[in-house]
Amino acid sequence: MVSSAPGGAMSGLRLDDVAKTFGEVRAVDGISLDLKPGEVTALLGPNGAGKTTVMDLILGLQTPDRGTVTVLGGTPAEAAARGEVGAVLQDGGLLHDLTVTETLRYFASLHHDPLPLGEALDLAGLRAVARRRVGACSGGERRRLHFALALLGRPRLLVLDEPTAGLDVTGRRQFWDAVGRIPSRPTVLFATHHLDEAEQYAERVVVMAAGRIAADGTPAEIRGHAAGRVVSAHWPDADLAALRALPSVDRVEQRGPTVTVHTQDSDLVVRHLAGTAAREIEVSSSGLEEAFLALAAAVPPSPAAVPPSTRTQD
Ligand SMILES: Nc1ncnc2c1ncn2[C@@H]1O[C@H](COP(=O)(O)OP(=O)(O)OP(=O)(O)O)[C@@H](O)[C@H]1O
């Protein structure tokens, strides 16, 4: 990974030891990240991992308790004021009585050199519904309108929070085709729950769990965690050192009475376990989903997860 001095022009986006706490919840717990200009990065993680909070910090919608966020060489507020950051956040914030084109025209008037409306309509695949009232648009069409709005300022950074939520497979593919055709070739950071989407469209995958980065690499490297098999067994007093010393063992975890062994050679691990007090031995093949969950589980949970209904405003 190319790194640069804090605030350096090399960096599309840089987070240095950033933390954000809401009451008792450490939503973001010391994250450092450096994205190269033009890089497309997926932010993966289970519910409550801190993905949205990271995006809010990048957009300047939240301020960090600790650490610094550098966006295109300046503060988030400076980058936003220059119109260099486009965002697709959760649904909402659209006026239902305006048509798609009227909505675009209104927001374009806020930029000093907006993308021509026709180009935004084409990129977002909205030509056919250009004259439709927003209130009559489908959820997928409104999602694409959000995307078109994010493109108006010719962004150098695009922050996308689950941008393809609600889109079918074709819509998702069209969306990513469009991202590849954006003339300003922005740095892209997108949150997703779809592992296949991260693998297909991101050059880099950052896995978050409990406010921290559990893994960071190319999709192939993240998938590398998934090669092989998972052997689990009931063994409360497992001899973890002996398991770790076995050849072919990648990782050993003890969670309560269950020991889980990630290995390239499940036969060897099963033979070893058979000579111990381990019971209920199970072998499964690990997929990307499991790799992701295993990576997330390797990070201890942050205290007292707050249910969304009790969220407070910052
Ligand atoms: N304004 C807030 N007030 C209180 N707690 C908050 C607030 N915003 C986020 N949190 C908490 O911080 C943690 C991280 O939330 P965040 O929304 O960043 O996660 P996420 O990874 O985006 O989750 P999801 O995939 O469900 O969208 C959660 O425990 C959440 O409840």
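**Close-up views of a predicted model**

**View 1. Three strands make an open sheet, in the order β2-β1-β4, with antiparallel pairing.** Strands here are DSSP runs (E, at least two residues; helices are H or I, at least four), numbered from the N terminus, and two strands pair if DSSP finds at least two bridges between them. At the edges lie β2 (25-35) and β4 (66-71), each pairing on one side only. From one strand to the next, the twist averages 25°. This is a predicted model, where local features need pLDDT of at least 70 and side-chain atom pairs count only at pLDDT 80 or more, while totals for chains, interfaces and linings use all residues. Residues are numbered from 1 along each chain as its sequence is written.

**View 2. Strand β1 (residues 13-22) runs antiparallel to β2.** Eight bridges join the two strands. Look for alanine 19, whose bridge partner in β2 is aspartate 29.

**View 3. Helix α1 (residues 51-58) lies across β1, β2 and β4.** The helix runs at about 60° to β2; axes are lines fitted to C-alpha atoms, for helices over the stretch in contact, and angles run from 0 to 180 degrees between N-to-C directions.

**View 4. The largest nonpolar core has 68 residues.** Such a core is a set of buried Ala, Val, Leu, Ile, Met, Phe, Trp, Tyr and Cys residues joined through C-beta atoms within 7 Å; buried means that 20 or more other C-beta atoms, placed from the backbone, lie within 10 Å of the residue's own. Among the residues with the most contacts inside this core are Leu43, Ile58 and Val159. A second, separate core of twelve residues includes Val230 and Leu273.

Conventions: Two residues are in contact if their C-beta atoms, placed from the backbone, lie within 7 Å.
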